[in-house]
Amino acid sequence: MRFIGIDPATTTGFVALDIEGNVLVEKSFRGKGKSIPGGISPEQRMSLENQLFQLLQPGDMIVKEGVAHRTPKLITTSKIHGGLEGMVTRKNLPFDEVAPDAVKKFVAVTGWKGQKGSKQRLKGTKEKKEAMAAAALKHFDYSNPSNDIVDAYIIARISLNLYLAREFKPMIDTFPYQIEVIESILNKA
């Protein structure tokens, strides 16, 4: 049994963990094919979907990040998410979805930096990704040069903890905010 985290995007992050939280697979991939400005071509989308299909195995426990509703490329993002969900379904695998804000919450990334009284909003994608990388290192002693893989790793940790909670076994990540994220997913079902 593997615990999968998927961070869907034009470059998709994929991480598989074992029951002890060890990394089995960490990969990022892009769709191959003709590019189109500001989006993803049908060829690229199919390539992305096929690459995910090849990575999935029977028995995988999957959590994928949901669509960020404030994204400037909502149509492209929705196409990617729908296509990847289709590949998971074709493998006859169930999956859970975690909101992008909940992924950040799982590692205590609030969108702010600095100390109380002088906090400032994280600006731009680069600062937000750096905050996630720093949080993964702090919480799990995990790092990877790919931000997509870092996010997928955090999502895979959510998958593992979700499985443990459903099996009434002790979770491995037990900060109150991590437990809240797991409970929010369990309470959706």
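Tutor: One term to start: contact means heavy atoms within 4.5 Å. Also, this is a predicted model, where local features need pLDDT of at least 70, side-chain atom pairs count only at pLDDT 80 or more, and totals for chains, interfaces and linings use all residues. Residues are numbered from 1 along each chain as its sequence is written, and side-chain values use heavy atoms, with hydrogens and water left out.

Student: OK. Which residues is E49 in contact with, leaving aside its neighbours within four places in sequence?
Tutor: G83, L84 and M87. E49 itself lies in helix α1. Helices here are DSSP runs of H or I with at least four residues, strands are runs of E with at least two, and both are numbered from the N terminus.

Student: Is E49 buried or exposed?
Tutor: E49 counts as buried, because its relative accessibility is 6%. The cut-offs are: buried under 20% relative accessible area, exposed over 50%, partly exposed in between, using a 1.4 Å probe and protein chains only.

Student: Which other residues of α1 are buried?
Tutor: The buried set is Q44, S47, L48, E49, Q51, L52 and L55.

Student: And what covers them?
Tutor: The cover includes strands β1 (3-7), β2 (11-17) and β3 (23-30), plus helix α2 (74-90).

Student: Pick another one from α1. What does Q51 touch?
Tutor: Not counting residues up to four places away in sequence, Q51 touches F29, R30, G31 and K32. Q51 is buried, with a relative accessible area of 17%.

Student: How many residues does α1 have, and how far does it reach?
Tutor: Helix α1 covers residues 42-55, which makes 14 residues. From first C-alpha to last it reaches 20 Å, close to the 20 Å expected at 1.5 Å a residue. The expected span is 1.5 Å times one less than the number of residues.

Student: New topic: charges. How many salt bridges are there?
Tutor: A salt bridge here is a side-chain nitrogen of Lys or Arg within 4 Å of a carboxyl oxygen of Asp or Glu. By that rule there are eight salt bridges.

Student: Why would such side chains pair at all?
Tutor: Opposite charges can pair when the charged atoms come close.

Student: Show me one. Which residue does E85 pair with?
Tutor: E85 forms a salt bridge with K64, and their closest N and O atoms are 3.1 Å apart. E85 is in helix α2 and K64 in strand β4 (residues 61-65), so the pair ties together parts 21 residues apart in sequence. K64 counts as buried at 2% relative accessibility, while E85 counts as partly exposed at 22%.

Student: Which residues are linked with those two in a network?
Tutor: K64, E85 and E97 are linked in a network of salt bridges.

Student: What about K129, where is its partner?
Tutor: K129 forms a salt bridge with D151, with the closest N and O atoms 2.6 Å apart. K129 lies in helix α4 and D151 in helix α5, so this pair ties together parts 22 residues apart in sequence. D151 is buried, with a relative accessible area of 6%. K129 is partly exposed at 21%.

Student: Let's go to the loops. Where does D141 lie?
Tutor: D141 is in the loop between α4 (124-140) and α5 (147-166). At 67% relative accessibility, D141 counts as exposed.

Student: What is its phi like?
Tutor: D141 has a positive phi of about 55°, although it is not a glycine. N92 also has a positive phi, near 60°, and is a residue other than glycine.

Student: Where is N92 found?
Tutor: In the loop between α2 and β5 (95-98). N92 is exposed, with a relative accessible area of 68%.
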